[in-house]
Amino acid sequence: MRKSRIGILTGGGDCAGLNSAIKWVVKTSLDDRLQRERDTSYEIIGIRDGWKGLVAADPSRGDAQEWLMPLDQNVVRTWDRLGGTMLGTSRTNPYSPKNDQSRKVLGNIQGLGLDAIVAIGGEDTLGVASKLSQEGVSVVAIPKTIDKDLWGTDYALGFETALNVITEEIDRLRTTAGSHKRIFVVETMGRTAGWLALEGGESAGAFIILIPEYDFSVQKINDLVLEGRRQGARYEIIVVAEGAKPSGGGEFIRDQGEDSFGHKILGGIGDYLATEISGATKLETRSLVLSHLQRGGAPCAYDRRMGRYFGSLRSISSWPVISARWSATATAGLALSPLRISWAGSAWSTWPPSMIPSATTAAAPS
Ligand code: F6P
C-alpha cells in the first residue's frame with residue numbers, strides 16, 4: 001500500500017464550520033475501507049496557525065513539533081460541533097512582498113514529507129495555496145469566509161452561521177427598538193461584498209439594506225424612514241455592510257494599518273449613518289456593530305453539513321485527481337473544493353457566477 005502524508009491548515013479570519021471540514025477530511029482519509037480502495041494509507045498532520053505554521057515548522061529545528069498536530073478519528077470526533085478552528089489561524093502571507101517567506105514554506109513542506117496540503121480559507125489563504133500549486137505543491141482548497149466573496153464558489157463555510165447570528169441579534173433588537181420607537185442601524189462585516197448584509201437583512205426582515213455594490217443616498221433613507229412613520233411604523237431596522245458608501249463618499253476605515261495581504265480594517269459607517277439620520281429626522285437613532293460575533297459560536301446545521309461535504313473525500317476517486325485539477329485551474333485563480341469537483345463538474349461552463357448581489361436598497365417597512 002502507498003503511504004501519503006497530508007498537511008491540513010486553516011488561514012485568515014476564523015468562522016463556524018472549519019472544524020467540521022477538518023473532521024471529515026480526517027475521517028474519510030483514515031477510513032480503513034477507503035484506504036484499501038485507494039490502495040493508500042494516509043497520515044493527516046494538522047498545521048497550527050495557518051501559513052504561519054508552515055513558515056515556522058522547520059524540521060531541522062527542535063521546535064517544529066510545536067506547530068504540528070497529528071490528527072486521527074479520536075482527536076477530531078467531537079470537532080464538527082465546535083466553533084472557531086481547533087488548529088488556530090493567522091493572517092500570514094508567505095508571499096508578502098515586504099517579507100517573502102515562500103521558500104521557507106516550500107522547504108518545510110518538503111522537509112516534513114507532506115505530499116499534499118489541504119488549505120481551508122478565503123481569498124487570501126487560497127491565493128497562497130494557488131501560488132504554491134503553481135510551484136508544484138499538490139493542494140486541495142476548501143472555501144470558507146463569512147464574506148462569501150470567494151471567486152469561483154457559490155458557498156463558503158461560515159456564511160450561514162453568520163446569517164443566523166445577524167437574524168437572531170436583529171430579532172432581539174426589535175423588541176427594544178419597538179418599545180422606544182427608535183431606529184437601529186446594524187453594521188455587518190463582509191468587507192467589499194454585500195452578501196452578509198443583504199441576506200442577513202433579508203432573513204431578519206430589515207427595513208433598509210445598504211451594500212457596497214450600490215452607493216446609497218442619505219436623503220433617500222431619511223425620506224423612507226419619515227414616510228414609514230407617517231404610515232404608522234414604530235421603529236426601523238437598517239442593515240448596513242461595513243464596506244457600504246454614501247454617494248460621492250469613500251469607505252469607512254476603522255484602522256489604517258494593513259495586514260500582510262494589504263487589507264485595512266473597515267468600520268464606522270453604522271455610527272456615521274445613525275448620526276446623519278437622527279440629525280435630519282430628529283428621531284432617536286442608535287447604531288450597533290455586530291463585529292466578530294458574526295464569526296463566533298457553534299456552527300449552524302448547514303455549516304456542519306457543508307463542512308462534512310467539503311471535507312469528505314468519499315466521493316472522489318483519489319487525491320491526485322484533485323491535485324491535477326487544482327493545478328490546472330490554479331493559474332486562473334480558481335478555488336476548488338472536492339464538492340465542486342465531484343458534484344458540480346457540469347456547472348463549470350457557466351462559471352463564474354455573478355458575484356454582485358442583484359437586490360436592492362429598500363425593503364418594506366418593518
Ligand atoms: O474576511 C472576514 C472578515 O470577518 C471581514 O468581514 C472583516 O472585515 C474582517 O474579516 C475582520 O478582520 P479581523 O478579524 O482581522 O478584525
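Two residues count as in contact here if their C-beta atoms, placed from the backbone, lie within 7 Å. Everything below comes from a predicted model, where local features need pLDDT of at least 70, side-chain atom pairs count only at pLDDT 80 or more, and totals for chains, interfaces and linings use all residues. Residues are numbered from 1 along each chain as its sequence is written.

**View 1. Arg5 in strand β1.** Arg5 sits in β1, which covers residues 2-10; strands (E, at least two residues) and helices (H or I, at least four) are DSSP runs numbered from the N terminus. Leaving aside neighbours within four places in sequence, Arg5 is in contact with Glu43, Ile45, Gly113, Leu114 and Asp115. Ile44 is 39 residues from Arg5 along the chain, yet their C-alpha atoms are separated by 6.1 Å. Buried or partly exposed? Arg5 counts as partly exposed because it has 14 C-beta neighbours inside 10 Å. (Buried takes 20 or more other C-beta atoms within 10 Å of a residue's own, exposed 12 or fewer, and partly exposed is in between, with C-beta atoms placed from the backbone.)

**View 2. The largest nonpolar core.** This core has 88 residues, and those with the most contacts inside it are Ile117, Val118, Ile237, Ile238 and Val240. Helix α7 (residues 159-180) supplies the largest share, 7 residues. At least three core residues come from each of domain 1 (2-158 + 299-363) and domain 2 (160-294), with bounds from an automatic or database domain assignment. A nonpolar core means buried Ala, Val, Leu, Ile, Met, Phe, Trp, Tyr and Cys residues joined through C-beta atoms within 7 Å. Zoom in on Val118 and you'll find Ile6, Ile8, Val25, Val140 and Ile142 touching it, not counting residues up to four places away in sequence.

**View 3. Helix α7 and what covers it.** With 22 residues, α7 reaches 31 Å from first C-alpha to last, close to the 32 Å expected at 1.5 Å a residue (that is, 1.5 Å times one less than the number of residues). Its buried residues include Phe159, Glu160, Ile170 and Ala177. Among the elements covering the buried residues of α7 are β6 (183-188), α8 (195-204), β8 (236-241) and α11 (301-311). Just after the helix, Lys181 takes a positive phi of about 55°.
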